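Subject: Handover of a structure

Dear colleague,

Please find below the structure that I am passing on to you.

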Amino acid sequence: AEYMGETFQNSCKMAMHMDQMAELNHMGVPNVGHMQHMQHMQHIEVDHSQIPSFLTKTWDIVNDPDTDHIISWNETGLSFIIHDTTAFLTEVVPKHFKHNNLASFIRQLNIYGFQKVGNKHVCEFRHDMFRAKERHLLAQIKRKTPTKRMQFDDDDDEMSSVKTEAILTELLQLKQRQDLLEMNLVQAMNTNDSLWNDLASCKQQQREIQDNLQKTLYFLMTVHGAGDEKKPSLAEVGIGSHLGHMSGHDASHN
């Protein structure tokens, strides 16, 4: 209701100015100032919410000085040029649209009556109502009557967007599975290293036990006065062979 009230008041103001202009024209009084004021009122009357988002987004993209090296107005401001299509599709388009397809972008331009200008090696487009510093003119750009071909193209774009999202979701799931497998592999490698360390520790303990037994055997033989007779080795008393068998058994597992 508030919006309708403001619109009605603005319409009344414009009607009053038009009546004043007609009266001044009848009297032969110049109306340049009134014309400028009417143009200003027309600029104010533009309802930007009624302008298709494609047009406003495209105008803002072209008008952004930070991306002039990618896309910008030409010298006259009556057309725009895409200087770097690759950067345009990877850095600019995805920030404003749900796709990164140049053909889809150009198809939208054609739907709104844009024309390609310049030679085939330059990606330059123009529209009489698409100008630098005159964003209000976008309200005068009308969409062409959709044909069956355009409807098919729109459906293709929608299906392409759905397929792209599905593929990205699947890739994300595959990446998560890969990360999980890598984590499990690292854990298995750590477990394997731990087992090898335990085995090495057991072998070291075995050697220490064997040395202690041999020392104990010689000590006992010395205490019991074996004299100059040949002292038996651990193998001769059956201890060394048993330990050797244990060592060989461990070695076979290596």
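**Helix α5 and its ends**

In helix α5, which spans residues 102-111, the buried residues are Ser104, Phe105, Gln108, Leu109 and Ile111. Buried here means under 20% relative accessible area, exposed means over 50%, and partly exposed lies in between, with a 1.4 Å probe and protein chains only. These residues lie on the same side of α5, because they cover an arc of only 160 degrees around the axis; the arc is that of the directions from the helix axis to the C-beta atoms. As a general point, an α-helix has 3.6 residues a turn, so residues three or four places apart point the same way.

At the start of α5, asparagine 101 places a side-chain oxygen within 2.8 Å of the backbone nitrogen of alanine 103. Just after the helix, glycine 113 has a positive phi of about 85 degrees.

**Basis of the description**

This is a predicted model, in which local features need pLDDT of at least 70 and side-chain atom pairs count only at pLDDT 80 or more, while totals for chains, interfaces and linings use all residues. Residues are numbered from 1 along each chain as its sequence is written, and side-chain values use heavy atoms, with hydrogens and water left out.

**Overall composition**

The protein has seven helices and four strands, which follow the pattern α-α-α-β-β-α-α-β-β-α-α along the sequence. Helices (H or I, at least four residues) and strands (E, at least two) are DSSP runs, numbered from the N terminus. Of the 254 residues in the protein, 23% are buried.

**The sheet**

The four strands form an open sheet in the order β1-β2-β4-β3, with antiparallel pairing. At its edges stand β1 (71-73) and β3 (115-117); each has a single partner strand, so one side of each is left without a neighbour in the sheet. From one strand to the next, the twist averages 30 degrees. Angles of this kind run from 0 to 180 degrees between N-to-C directions, and the axes are lines fitted to C-alpha atoms, for helices over the stretch in contact.

Two strands count as paired if DSSP finds at least two bridges between them. Strand β2 (residues 79-82) pairs with β1 in the antiparallel sense over three bridges, and with β4, also in the antiparallel sense, over four bridges. On the β4 side, isoleucine 81 stands opposite glutamate 124. The hairpin of β1 and β2 has five residues between the strands, and glycine 77 in this hairpin takes a positive phi near 80 degrees.

Which way do the residues of β2 point? Ser79 and Ile81 point one way and Phe80 and Ile82 the other way, and all are buried. In general, the side chains of a regular strand alternate between the two faces of the sheet.

**Helix α3 and what covers it**

Helix α3 (residues 53-63) has Phe54, Leu55, Thr56, Thr58, Trp59, Ile61 and Val62 buried. The cover over these residues includes β1, β2, α4 (85-96) and α5, where contact means heavy atoms within 4.5 Å.

**An exposed loop residue**

Lysine 133 lies in the loop between β4 (123-126) and α6 (148-223). Lysine 133 is exposed, with a relative accessible area of 78%. The phi of lysine 133 is near 65 degrees, a positive value in a residue other than glycine.

With kind regards

Key:
Polar contact = N/O pair within 3.5 Å; in protein donor to acceptor, adjacent residues only side chain to side chain.
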